[in-house]
Amino acid sequence: MPAQKKPEVRIVSLAPSATSILCAIGARRLLVGVTKWCCDVAPVAGLPQVGDCWHMESVADIVALRPTLVIGSVPYKQETVGKLLEQRFNFLAMNPRTIADIYEDVRLLGGIAARSTQAAALIRKMRSEFAKYAHAAKNIEQRPRVYCEAWPNPRISSPPWVAEVVNICGGEMVVAAGERVGDEQVAAQRPEVIVLAWAATGERSDPEQSYKVAAWKDLPAIRNRRVHVIRDEYLNTPGPPLIDGARELSRLMHLWEGEQGKGDSLQRTQRAQRKRRG
């Protein structure tokens with residue numbers, strides 16, 4: 001008796017993170033629909049675009065693609081998820097918090113796509129890249145105090161996996177990650193570096209807004225003009241793009257270290273000059 005043919009896997013990804021993972025493990029052919037944000041993190045131009053887990057005009061566009069699986073990830077809007085759960089297709093909801101969670105998502109999607117070997121290779125690659133930046137961070141003598149922001153109004157700090165990458169790259173995230181925070185709450189922690197990666201803005205985060213916050217005028221990061229922008233998909237996509245985020249954070253941490261070294265050198269020179277004059 002001939003073996004039964006396995007049903008075709010047809011995936012609609014409402015999560016750029018899932019899209020980036022599937023493409024990185026060689027499973028792009030399974031995708032039949034994506035969001036408009038997915039093109040920023042994966043080679044999916046030309047695929048039909050639908051809404052996402054936060055904003056969905058109509059589920060009919062997804063149903064028309066005849067998916068066997070729809071994948072979503074944070075952030076979720078209850079109304080949108082409710083519409084998805086009313087349909088007959090399978091819905092996979094991902095909610096990673098840590099880098100370890102991201103690795104588990106890679107393994108899960110690798111199993112679904114029958115690409116477990118490739119998924120394991122991607123995890124090894126991510127671990128190797130993070131280890132490289134962690135090794136380079138050993139040269140940073142004083143870890144800078146860092147505030148990473150995912151949204152300015154209401155002010156929301158970057159997700160927990162970003163805090164982990166900051167730590168890997170030699171910094172210290174000084175506010176709770178992935179939470180709504182106030183101006184005074186940030187000010188109390190006196191960050192020396194501020195990183196803006198506002199969701200769905202690419203690299204259009206506006207540093208000038210930070211310099212205008214009254215409660216922040218005396219912060220080291222503001223006084224020393226150390227407010228930096230990193231493309232939001234590099235930090236807000238819990239998948240392979242995080243490697244690029246680590247590269248950018250590592251660059252900023254070492255830039256800060258270099259500036260600190262110049263400042264220390266200048267202070268030593270000034271002390272020596274005062275001593276000679278005295």
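**View 1. Burial and pairing of Tyr 147 and Trp 216.** In this predicted model, Tyr 147 and Trp 216 are both buried. The structure holds one aromatic pair. Its members are Tyr 147 and Trp 216, with ring centres 6.0 Å apart; their planes stand at 75°, so the pair is edge-to-face. Distant parts of the chain are linked by this pair, as the two residues lie 69 residues apart. Tyr 147 belongs to strand β6 (residues 145–152), whereas Trp 216 sits in the loop between α8 (207–211) and α9 (220–223).

**View 2. Packing of helix α4 against helix α5.** Two packed helices are described by the angle between their axes and the distance between the axes. For α4 and helix α5 (residues 116–137), the angle is about 160° and the axes are 7 Å apart. An angle over 145° counts as roughly antiparallel, and α4 and α5 are therefore roughly antiparallel to each other. The crossing of α4 with α5 is right-handed. On the α4 side, the contact is made by Ile 99, Ile 102, Tyr 103, Val 106, Arg 107, Gly 110 and Gly 111. The α5 side contributes Ser 116, Ala 119, Leu 122, Ile 123, Met 126, Arg 127 and Phe 130. Divided by class, the residues of this contact are nine nonpolar, three polar and two charged.

**View 3. Crossing of helix α1 with helix α4.** Helix α1 (residues 16–24) and helix α4 (residues 99–112) have axes that come within 10 Å and cross at roughly 60°. The two helices, α1 and α4, are therefore oblique to each other. Their crossing is right-handed. Ala 18, Ile 21 and Leu 22 of α1 meet Asp 105, Val 106 and Leu 109 of α4 in this contact. Five of the contact residues are nonpolar, none is polar and one is charged. Val 106 of α4 takes part in the contact with α1 and also in the contact with α5.

View 4. Thr 80 is located in helix α3 (residues 78–85). The relative accessible area of Thr 80 is 3%, and the residue is therefore buried, the cut-off being under 20%. When residues up to four places away in sequence are not counted, Thr 80 touches Asp 52, Cys 53, Trp 54, His 55 and Met 56.

Technical notes:
Residues are numbered from 1 along each chain as its sequence is written. This is a predicted model: local features need pLDDT of at least 70, side-chain atom pairs count only at pLDDT 80 or more; totals for chains, interfaces and linings use all residues. Side-chain values use heavy atoms; hydrogens and water are left out. Axes are lines fitted to C-alpha atoms, for helices over the stretch in contact, and angles run from 0 to 180 degrees between N-to-C directions. Helices (H or I, at least four residues) and strands (E, at least two) are DSSP runs, numbered from the N terminus. Angles under 35 degrees count as roughly parallel, over 145 as roughly antiparallel, 65 to 115 as roughly perpendicular and the rest as oblique. A crossing is left-handed if the near helix is turned anticlockwise from the far one by less than a right angle, and right-handed if clockwise. Contact means heavy atoms within 4.5 Å. Ala, Val, Leu, Ile, Met, Phe, Trp, Tyr, Cys and Pro count as nonpolar, Asp, Glu, Lys and Arg as charged, and the others, Gly among them, as polar. Rings of Phe, Tyr and Trp (its six-membered ring) pair if their centres lie within 6.5 Å; planes under 30 degrees apart count as stacked, over 60 as edge-to-face and the rest as tilted. Buried means under 20% relative accessible area, exposed over 50%, partly exposed in between (1.4 Å probe, protein chains only).
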